[in-house]
Amino acid sequence: MATFIASGGRVWRKFVKTFPLGSNLSLKRSPTSALANGRLSSTSSENVLVSKDEKSGIATVRMNNPPVNSLNTALLLSLRSCFEELEKDKSCRALILTSNKPKVFCAGLDILELYQKSPDYVGQFWEKVQDMWLSLYGSRLVTMAAINGHSPAGGCLLSLACDYRIMAEGNFVIGLNETQLDLVAPFWLRQMMVDAIGYRQAEMALMVGALYPSNKALQLGLVDKLVPIEDVQTVAEEEVKNWLKIPDQARAITKMASRKPLLDELRKRKQEDIQTFRDETTRESVQLSIQQYLDKLKAKK
Ligand SMILES: CCCCCCCCCC/C=C\CC(=O)SCCNC(=O)CCNC(=O)[C@H](O)C(C)(C)COP(=O)(O)OP(=O)(O)OC[C@H]1O[C@@H](n2cnc3c(N)ncnc32)[C@H](O)[C@@H]1OP(=O)(O)O
């Protein structure tokens with residue numbers, strides 16, 4: 001269903017569309033955004049909320065998968081559908097990725113999707129991670145991560161796939177802590193880390209599974225800007241507008257020129273990457289580490 005809503009001088013396109021596994025993509029206003037002056041509608045089952053300002057062509061994509069936006073199958077499918085939908089939309093020029101629940105941007109992969117599942121299941125799950133990443137990292141749009149909270153592991157993956165990262169100041173962490181779960185970040189994730197912070201720092205960070213507080217992440221270049229949490233969205237919108245002063249075509253071609261080798265490499269090695277993931281995550285010792293990690297998370301309370 002698609003309707004157009006005119007409000008406050010801007011035209012809002014609103015539609016609610018059902019994606020596989022019952023996840024929804026809806027275009028609606030965000031409660032805190034300066035771009036937001038459309039009509040608000042919501043249902044509790046929506047795991048991705050999207051608002052798009054037709055005039056500027058800036059879309060805000062809010063992950064809405066309580067409590068911590070862990071990337072389960074449904075959220076991965078919704079994110080991919082959403083990125084592809086915006087990619088096809090000729091009037092869309094930029095995408096801001098953020099969390100609908102401040103304080104946690106994304107807790108990474110849903111660990112339960114990796115625990116006590118069949119090799120086929122985890123293989124299919126991993127392909128959804130790959131496909132979501134291919135659509136975000138390979139996007140022609142300006143992509144901005146508005147990291148309004150913790151961003152470990154898969155949350156860091158999402159952030160690194162964007163063109164620019166703005167993070168909330170304070171006691172929030174970001175990084176690739178895979179080794180702490182006895183997991184090994186795949187080559188395409190490791191490469192993004194190297195590209196962001198350089199070989200030596202990435203090598204150390206990946207080996208020890210480091211999670212950095214936001215000020216250290218800024219110092220390393222893992223994020224590009226730190227702002228108070230309440231300003232993350234506004235500053236992201238301002239930053240996007242600066243980027244949009246550059247002609248889209250030249251910017252997008254330049255982006256593709258630098259990202260194509262890694263995109264092509266994953267496309268070529270997709271099945272091998274899935275096989276590795278299947279074999280490793282279902283290994284008994286890794287299952288035990290995942291179980292211990294889950295227990296640790298629960299015991300936190
Ligand atoms: C050669 C070998 C190749 C092998 C291939 C391996 C491939 C590697 C894949 C690489 C990519 C990504 C890997 C991952 O993303 S793994 C996930 C890692 N994530 C984390 O370590 C984060 C864990 N969570 C936290 O640290 C905290 O939750 C938080 C994000 C800091 C938020 O803290 P909070 O205090 O606000 O919330 P908290 O009480 O901890 O959590 C609330 C409930 O949510 C549950 N939960 C948290 N995170 C996850 C998660 N990632 N998956 C599933 N469930 C999660 C938590 O247990 C609480 O549940 P409950 O309320 O107690 O029931």
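Strand β10 and strand β13 (residues 225–227) run parallel and are joined by 3 bridges; strands here are DSSP runs of E with at least two residues, helices are runs of H or I with at least four, and both are numbered from the N terminus. Two strands are said to pair if DSSP finds at least two bridges between them. Within this pairing, alanine 168 has valine 227 of β13 as its bridge partner. β10 also runs parallel to strand β8 (residues 142–147), this time with 4 bridges, and here alanine 146 sits opposite isoleucine 166 of β10. β10 itself (residues 164–168) is mostly covered, with 4 of its 5 residues buried. Buried means that 20 or more other C-beta atoms lie within 10 Å of a residue's own, exposed means 12 or fewer, and partly exposed is anything in between, with C-beta atoms placed from the backbone.

All of this comes from a predicted model, where local features need pLDDT of at least 70, side-chain atom pairs count only at pLDDT 80 or more, and totals for chains, interfaces and linings use all residues. Residues are numbered from 1 along each chain as its sequence is written. The pLDDT, which is the predictor's confidence in each residue from 0 to 100, has a mean of 87 over the protein chain, and 85% of the residues reach 70 or more. For the complex, the predictor gives an ipTM of 0.96 and a pTM of 0.89. Where pLDDT is low, the predicted coordinates should not be read in detail. Contact here means that the C-beta atoms of two residues, placed from the backbone, lie within 7 Å.

Overall, the protein chain has 9 helices and 13 strands, and 45% of its 301 residues count as buried. Among contacts with a separation of 6 or more, 69% are between residues 24 or more positions apart. Another piece of the strand layout is an open sheet of 4 strands with mixed pairing, in the order β7-β9-β11-β12. Its edge strands are β7 and β12 (211–213), each pairing on one side only. β7 and β9 pair in the parallel sense over 2 bridges, with valine 104 opposite histidine 150 of β9. Lysine 103 lies in β7 (residues 103–104) and has a positive phi near 95 degrees despite not being a glycine. Lysine 103 counts as partly exposed because it has 14 C-beta neighbours inside 10 Å.

As for the ligand, 30 residues surround it, the closest being Gly108, Leu109, Ala153, Gly154 and Glu280; a residue is taken as near if its C-beta atom, placed from the backbone, lies within 6 Å. Two or more residues of this shell come from each of β9 (149–152), α3 (154–161), α8 (248–281) and α9 (284–299). α8 gives the most, with 4 residues. By type, the shell splits into 18 nonpolar, 7 polar and 5 charged residues, where Ala, Val, Leu, Ile, Met, Phe, Trp, Tyr, Cys and Pro count as nonpolar, Asp, Glu, Lys and Arg as charged, and the others, Gly among them, as polar. α3 is mostly covered, with 8 of its 8 residues buried; Gly154 and Cys156 are among them.

The largest nonpolar core holds 77 residues, and Ile96, Met144 and Met193 touch the most other members. Such a core is a set of buried Ala, Val, Leu, Ile, Met, Phe, Trp, Tyr and Cys residues joined through C-beta atoms within 7 Å. Leaving out residues up to four places away in sequence, methionine 193 touches Leu160, Leu176, Ala202, Ala205 and Leu206.

The peptide bond from proline 66 to proline 67 is cis, with omega near 5 degrees, and proline 67 lies in the loop between β5 (58–63) and α1. Asparagine 69, found in the loop between β5 and α1, has a positive phi of about 55 degrees although it is not a glycine. Asparagine 69 is buried because 29 other C-beta atoms lie within 10 Å. In helix α1 (residues 73–88) sits leucine 75, which counts as buried because it has 24 C-beta neighbours inside 10 Å. Beyond its neighbours within four places in sequence, leucine 75 is in contact with Asn47, Met63 and Asn65.
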